[in-house]
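Reader: I've got this one open on my screen and want to go through it with you. Can we start with the helix packing and then hop around a bit?

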Amino acid sequence: MDETVPVTQSIDTLYPDANIPSQKQRWQDLIGQFESKYGKKPAFVARSPGRVNLIGEHIDYSLYEVLPMAIAADVLIAVAVSSPEEDGANGITDAVIPMLNINPHKHRPSQCTVPSSGEADIDATVHEWTNYFKAGFNGAVDLLRKENEKFSPCSMQILVDGNVPAGGGLSSSAAFVCASALAVLRANGRELVKKRELVELAIVSERAVGVNSGGMDQSASVFAVKGDALSVSFSPELHAEAIPFPKVEPPITFMIAQSFVTSDKHVTAPRCYNLRVVECTLAAEVMAAKLGVELQDDSGPLRRSLRGLQHAVFSSSSGGGKTTKDPSKPLPLGDPQTPYKQQLEQMLSMTPNLLDQETGYTRSDIAETLQISVPALESRYMTTFPVHADRFHLAKRAKHVFSEALRVLAFKELLQNQKSANDTKLLERLGALMNETQESCREVYECSCPEIDQLCSIARDAGAYG
C-alpha cells in the first residue's frame, strides 16, 4: 500500500509477452508523433491501465470490498516540460498546456492556461476529452500545494494515446485521470509518487467531470499486480492487496468480451450511474432514520453510505430502533461482536422491512422520513450531480449492495482456501457466484442490458462456468 509507482526503462514488464511487439511499435509511434508535433522528444511517458471487475459490481461507492484486476489496455501520456527559464524567456507567467491526442479527428486539440495560483477550468456540463486530463491536473496540483503553499505548476506539452474502449465498462476515464495526475506530479518534480496518494487524489479528482465515482477503478489501475486479482476495500480506509489465483487444472481463465453497447458515465449519469449512487445513499439515510441511528460522514461520494450504515448499526449502544411494520416493537441493533459476514446477512434481512415501498419512493416520501423539506433533500443529494427520476428504488438497490458484498466475500474465500489442485468444484462455485451477480445486476440493480445477457448465455453454452 505504501509502495511507489514503478519507473521503468523498458515496456517488457508492462504487457503479456504476445503483446510486446505491437506495443513497442505503438510506443515508438507515440514518441515519433510527439517529436513531430512539438519539435522535441518527450521527457517521459505516464501509463495507467484499464480494469475488468471479477465481482463486486456497483458496490465500491457504497464502500464495500470489490475484486477487480487490471488489463493490458491502457492510457499513455507522453510529456515534455518547459522550465521556468524557458517560460520566462517567452514572457509566460502562467502554466500553458497544449493537449493533443493521437487521434485528432476524434479528440480535438486543445490548450489550457493555468494561473500560477489557480487551477484548470472544467465545464462538467460539456463532455470533453480534455476534462479528464484537467481533473488529474487539478488533483495533482492540489496535492503539491498542500506540500508547498507557494507551489506553481510548470508548463507542459502532452500527447495522449489510449486503447481502453470508451464507455465499454473497462474504466477508460479512471485510467486517463490516473495517468494525468501521475504525469503532472512527475513533470513538477515528484520523482517518487506513492500509489496510495495517487489513487486517493484520482478518486476525488474524477468527480470533477460530473461522475459520482467510487474507488475501484482507480485502485485497480494503480495497485494491480500482474496475473493476480486485487482485493480493494474502502472502510475504515483504503486498502488493497493482491489475491493470487489458485493453481488448478484446467487453469482459471477469464475471457473479456465487449458487447459494443457504449454507456458513457458522463452522458448517462443522471439516469444511471449517478442515480444509483443517490439511491444507495438515500437507502442508507432512510434505513438509518427508521432504525434511529445516526450516520457519520465517510469517504462515499455523497459522504454517507450503506457501509457507513452497517458500521453505525453494529457499533451502536442505543439499544434499538423502530421498524415501520410495528413501531411499538424495537428492532434490536447489532452486537458489535457480530462477525462481519453475519452483519451483512442481518443488513440484507432487515432491508425489506425498513424499505417496504416496493414501487419506490418519491422525493416527498424520502423528505418526510428524513424530516427535511424536498428542496433541502434535492440540495443535499441531487445538486452537485443532478439526477433524473420520479421514484427512487431504495429497497432493490440496498438488496443488491448487501447481497453482492456477500458474494465478494464468498468469491475471495474460494480463491484463498483452495482444497486441492484437483478441486473440480472450485470453478463451478466461482462461476455460480458470477452468475448470481449478473442476475442481480439485471433484475435488482437494473444496470445490465440484453446484449450482455446474450454474451453471458453464449459463453455458458460454450462451456464457461459463469
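Reader: Which residues in α13 meet α14, and which ones in α14 do they meet?

Author: Keep in mind that this is a predicted model. From α13 the contact takes in Lys 396, His 400, Ser 403, Glu 404, Arg 407, Ala 410, Phe 411, Leu 414 and Leu 415. On the α14 side they meet Leu 426, Arg 429, Leu 430, Leu 433, Met 434, Glu 436, Thr 437, Ser 440, Cys 441 and Glu 443.

Reader: How does that contact split by class?

Author: There are 9 nonpolar, 4 polar and 6 charged residues in the contact of α13 with α14.

Reader: And at what angle do α13 and α14 pack?

Author: About 165°, and their axes are 10 Å apart. Anything over 145 degrees counts as roughly antiparallel, so that is what α13 and α14 are to each other. The crossing of α13 past α14 is left-handed.

Reader: OK, what about α4 and α6, at what angle do they pack?

Author: Helix α4 (residues 172–187) and helix α6 (residues 216–223) pack at about 55°, with 9 Å between their axes. That angle makes the two helices oblique to each other. Here α4 passes α6 in a right-handed crossing.

Reader: Which residues do the touching between α4 and α6?

Author: Ala 174, Ala 175 and Cys 178 from α4 meet Asp 217, Gln 218, Ser 221 and Val 222 from α6. By class that contact has 4 nonpolar, 2 polar and 1 charged residues.

Reader: Switching topic: in the largest nonpolar core, which residues touch the most other members?

Author: That core has 122 residues, and the ones touching the most other members are Ile 77, Phe 133, Met 287, Leu 306, Leu 309 and Phe 392. Helix α8 (residues 273–291) gives the most to this core, 12 residues. Apart from it lies another core, of 12 residues, including Leu 30, Leu 76, Leu 100 and Leu 159.

Reader: What is Phe 392 in contact with, leaving aside its neighbours within four places in sequence?

Author: Its contacts are Leu 275, Val 278, Glu 279, Leu 282, Gly 360, Tyr 361, Arg 363, Ile 366, Met 382 and Val 387.

Reader: I was also eyeing Gln 310. Buried or exposed?

Author: Gln 310 is buried, with a relative accessible area of 0%. You'll find Gln 310 in helix α9 (residues 306–313). Leaving aside neighbours within four places in sequence, Gln 310 is in contact with Tyr 64, Tyr 340, Gln 343, Leu 344 and Met 347.

Reader: Now the backbone. Where is there a cis peptide bond?

Author: From Ser 235 to Pro 236, with omega near 5°. Pro 236 sits in the loop between β6 (229–233) and β7 (239–243). In general, most peptide bonds are trans, and most residues other than glycine have a negative phi.

Definitions and conventions: Residues are numbered from 1 along each chain as its sequence is written. This is a predicted model: local features need pLDDT of at least 70, side-chain atom pairs count only at pLDDT 80 or more; totals for chains, interfaces and linings use all residues. Side-chain values use heavy atoms; hydrogens and water are left out. Axes are lines fitted to C-alpha atoms, for helices over the stretch in contact, and angles run from 0 to 180 degrees between N-to-C directions. Helices (H or I, at least four residues) and strands (E, at least two) are DSSP runs, numbered from the N terminus. Angles under 35 degrees count as roughly parallel, over 145 as roughly antiparallel, 65 to 115 as roughly perpendicular and the rest as oblique. A crossing is left-handed if the near helix is turned anticlockwise from the far one by less than a right angle, and right-handed if clockwise. Contact means heavy atoms within 4.5 Å. Ala, Val, Leu, Ile, Met, Phe, Trp, Tyr, Cys and Pro count as nonpolar, Asp, Glu, Lys and Arg as charged, and the others, Gly among them, as polar. A nonpolar core is a set of buried Ala, Val, Leu, Ile, Met, Phe, Trp, Tyr and Cys residues joined through side-chain atoms within 4.5 Å. Buried means under 20% relative accessible area, exposed over 50%, partly exposed in between (1.4 Å probe, protein chains only).
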